[in-house]
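Let's take a walk through this fold together. Have the structure open beside you, and we'll go from helices to sheet to ligand.

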Amino acid sequence: MAKLNNVTVLGTGVLGAQIAFQAAYAGFTVVAYDINEAALDKAKATFQGLVETYKEQVEGAADGKADAAYARVSYSCVLAESVKDADLVIEAVPEKLALKQSIFAEIGAAAPAKTIFATNTSTLLPSDIKDSSGRPDRFLALHFANMLWVNKTAEVMVTPDTSPEVFATVVEYATDMGMVPIEIKKEKAGYLLNSLLVPWLDAASELYVDGYADPETVDKAWRVSTGAPMGPFQIIDMVGLNTVYEIAATNPASAQQKWAKLLKEQYIDQGKLGLSTGEGIYKYPAK
Ligand SMILES: NC(=O)c1ccc[n+]([C@@H]2O[C@H](COP(=O)([O-])OP(=O)(O)OC[C@H]3O[C@@H](n4cnc5c(N)ncnc54)[C@H](O)[C@@H]3O)[C@@H](O)[C@H]2O)c1
């Protein structure tokens with residue numbers, strides 16, 4: 001399959017903006033799609049912010065590379081128009097199944113035959129979306145982590161219908177985009193990372209809420225025994241307590257319900273959301 005050049009990213013929110021900018025930074029020609037001009041104006045401001053972030057945090061970005069990336073992004077709020085020359089479409093619209101299905105139905109009808117379709121969904125299965133595109137053999141999941149210029153995983157996950165050629169092409173694209181591709185050969189809710197991370201964080205929270213040990217001790221046990229730089233509660237602060245709360249609150253297990261209550265009452269209601277607010281399970285000195 002020919003190399004990919006033109007990438008369209010649907011949605012310019014938290015993840016979509018990062019995906020679009022990183023693709024442009026890696027040299028791809030990018031179209032950023034969002035619902036209206038106001039959303040696109042916001043996207044331009046987000047990209048300007050990413051230019052500055054890259055200049056500060058990504059080696060070499062200050063030598064004109066970040067500014068060049070900004071110039072490689074064009075904008076559209078007309079869905080069919082945004083995909084008309086796309087080699088790859090990466091969808092990062094809100095996590096609503098019906099919305100994703102309707103978007104793929106529309107672009108499936110509008111995109112050229114060469115287009116590969118990818119969803120960045122975190123919690124839905126690509127199989128639930130693939131048929132809407134009308135080309136399930138050209139459909140897969142390509143899942144990034146937040147702050148992707150630092151957390152460089154790109155989980156590439158097939159459905160039973162994805163063609164091996166499309167899978168291989170997207171794995172190569174992820175590398176070309178500057179990511180570390182994580183190849184997932186069979187569909188799995190939570191991909192690899194969250195399949196490992198969520199049960200680990202659940203186990204840590206249960207040791208705490210059931211009174212076996214405090215967070216510092218749980219983290220120390222993990223760090224000292226494995227040599228890992230961070231324990232589970234440090235990771236929880238990094239992920240953000242709101243997200244951890246959402247996951248716990250929807251888990252009916254009594255220890256998780258206890259954990260959700262504790263997170264809300266002792267942290268979230270007091271604005272302690274983790275690393276991003278300077279305090280969560282731990283306190284972080286101001287920079
Ligand atoms: N935030 C994360 O850390 C993260 C990490 C990995 C994957 N994801 C996944 O990425 C996707 C987007 O998440 P996000 O956090 O960037 O969301 P977000 O709410 O920050 O951004 C969503 C974007 O989609 C646009 N949008 C809204 N309605 C739309 C519509 N009808 N059609 C097209 N675009 C529309 C919004 O204007 C916004 O720019 C979700 O599937 C989510 O599961 C998020």
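A word on angles first: under 35 degrees counts as roughly parallel, over 145 as roughly antiparallel, 65 to 115 as roughly perpendicular, and the rest as oblique. The axes are lines fitted to C-alpha atoms, for helices over the stretch in contact, and angles run from 0 to 180 degrees between N-to-C directions. Keep in mind that this is a predicted model, where local features need pLDDT of at least 70, side-chain atom pairs count only at pLDDT 80 or more, and totals for chains, interfaces and linings use all residues. Residues are numbered from 1 along each chain as its sequence is written, and side-chain values use heavy atoms, with hydrogens and water left out.

Now look at helix 10 (residues 232-239) and helix 11 (residues 241-249), whose axes are 6 Å apart and meet at about 105°. That makes the two helices roughly perpendicular to each other. Helix 10 brings Ile236, Asp237 and Val239 to the contact, and helix 11 brings Leu241, Thr243 and Val244; contact here means heavy atoms within 4.5 Å. Helices (H or I, at least four residues) and strands (E, at least two) are DSSP runs, numbered from the N terminus.

Eight strands form it, open and with mixed pairing, in the order 3-2-1-4-5-6-7-8. Two strands pair if DSSP finds at least two bridges between them. Strand 3 (73-76) and strand 8 (180-184) each have a single partner, so one side of each is left without a neighbour in the sheet. From one strand to the next, the twist averages 25°. Strand 1 (residues 6-10) pairs with strand 2 (residues 29-33) in the parallel sense over five bridges, and asparagine 6 has threonine 29 in strand 2 as its bridge partner.

Helices lie across this sheet too. Helix 5 (residues 97-110) lies across strands 1, 4, 5 and 6, at about 170° to strand 5.

What surrounds the ligand? There are 22 residues around it, the closest being Leu15, Asp34, Glu95, Lys100 and Ser122; a residue is near a molecule if one of its heavy atoms lies within 4 Å of it. Backbone atoms take part as well: a backbone N or O atom of valine 14 lies 2.9 Å from a ligand oxygen, and a polar backbone atom of glycine 13 is 3.1 Å from an oxygen atom of the ligand.

Methods
Polar contact = N/O pair within 3.5 Å; in protein donor to acceptor, adjacent residues only side chain to side chain.
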